[in-house]
Amino acid sequence: MPTLEIAASGPLNSLQAQEGTTNATKPATAYHPTRPHPPLEPHAPLRAGEREPGLQIEVHLEPTQRATLAVDVRRGLTAAQKSVPPKYFYDDHGARLFDAICDLPEYYLTRTEQGLLERVAGEIIAVARPTDLVEFGSGASRKTRVLLDALTSVTRHPRYVPMDVSEGMLRRSAQALLAEYPSLAIHAVVGDYERHLTRLPRGEHRLVAFLGSTIGNFTPAEADDFLAGVAAQLVPGEHFLLGVDLVKDHAVLHAAYNDAAGVTAEFNRNMLRVINRTLGADFDPAAFDHVAFFNPEASQIEMHLQAQRAHVVRIAALDLEVSFRGGETIHTEISRKFSRAATEAMLCRAGFEPMRWFEPANRYFGLVLGRRSQVTTD
């Protein structure tokens, strides 16, 4: 396979320059981000309950991350179809790579959702009337500002509760938000929203946002279980805002997950670096090709890492050797694409009443605002 070539001024190389990695420097078509990514500032980690002015950070992930990764890796890499859950893309470097993906010309999703939010945020806040904005997988909180602009215009002292696995990204985005919104209080939760829903702080009236069509990374059964878990943490009358990527032309979908600059490929391979660092594995990320394609039967993008040749990987922490055949893949992600009817039915099954549906003129993306239904007993 050809060597990945990235222009020195492209998003991938700017990340590598910040973090000390290297890559080929032959010129290739690359995209220049419209805004710089903030440099990684060294900080001593905060533990659960520690505070900075205006900011509280609870850390629930670190003590169990290695054990959880070990279980997932052993199970996934010893299966007939090797797989690793996509949440392991997201260490600090992975979070930065995804932030760069959001600026790519092929990746329509972020700018489409952003534009839609800018148009409808006022209506969302007017209907939900929250005092607290909770966001799962908040990352750099790009789209959060649109909702916060609408929220701070009607609430004097709002609270923002981001949950993400990257403490560094949470801290950087929180500090930027506090500088922009002096009346804002932030209670950040470093955790895995699949496992730490019960750690969400209570609020007076919460709006929970799950944007970016991250729900598409779940299988149908997993999505139903997760959304039911979210509903269980809310009281009747609180609201949930879900972003979903809609079914569209297959060529548009293919390009979004196979960008010319190769950032998505490096994001995919970053999972191997996480396993190497955390479990003492000896994966060579360069020995795996990024493969992404649309599966029309399942209405989903599938991402894989494909071994270029037969070889063996050793994972010291698991006392495990994993053999790969040439061409064999590790399945790393699905990204399901939805319709309005399927999305609203999914919310209803979980215990939400759909209140509003929003989509842009090109129908690329949907936002649905649901309200926690009244709990009934037989």
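Residues are numbered from 1 along each chain as its sequence is written. In this predicted model, local features need pLDDT of at least 70 and side-chain atom pairs count only at pLDDT 80 or more, while totals for chains, interfaces and linings use all residues; side-chain values use heavy atoms, with hydrogens and water left out.

**Exercise 1. State how many helices and strands the protein has, and what share of its residues is buried.**

Step 1. Helices (H or I, at least four residues) and strands (E, at least two) are DSSP runs, numbered from the N terminus. The protein has 10 helices and 15 strands.

Step 2. Buried means under 20% relative accessible area, exposed over 50%, and partly exposed in between (1.4 Å probe, protein chains only). Of the 378 residues, 55% count as buried.

Step 3. Contact means heavy atoms within 4.5 Å. Among contacts with a separation of 6 or more, 72% come from residues 24 or more positions apart.

**Exercise 2. Trace the open sheet that contains β9 and β10.**

Step 1. Two strands pair if DSSP finds at least two bridges between them. The sheet has 4 strands in the order β3-β13-β10-β9, with mixed pairing.

Step 2. Find the edges. β3 (82-83) and β9 (288-295) each pair on one side only.

Step 3. Follow β9 into β10 (residues 300-307): the two run antiparallel and are joined by 8 bridges. Within this pairing, D289 stands opposite Q306 and H290 stands opposite L305. The two strands form a hairpin with 4 residues between them, and S299 in the turn has a positive phi of about 55°.

Step 4. Continue from β10 to β13. These strands also run antiparallel, with 7 bridges, and Q300 stands opposite R336 in β13.

Step 5. Check burial. Because 7 of its 8 residues are buried, β10 is largely enclosed by the rest of the structure.

**Exercise 3. Describe the nonpolar cores.**

Step 1. A nonpolar core is a set of buried Ala, Val, Leu, Ile, Met, Phe, Trp, Tyr and Cys residues joined through side-chain atoms within 4.5 Å.

Step 2. The largest core holds 76 residues, and those touching the most other members are L241, I275, F283, F288, I315, I330 and L367. Helix α4 (residues 108-128) gives the most to this core, with 9 residues.

Step 3. Leaving aside neighbours within four places in sequence, I315 is in contact with V73, L77, L279, G280, A281, L320 and V322.

Step 4. A second, separate core has 29 residues, including F136, L197, F210 and V244.
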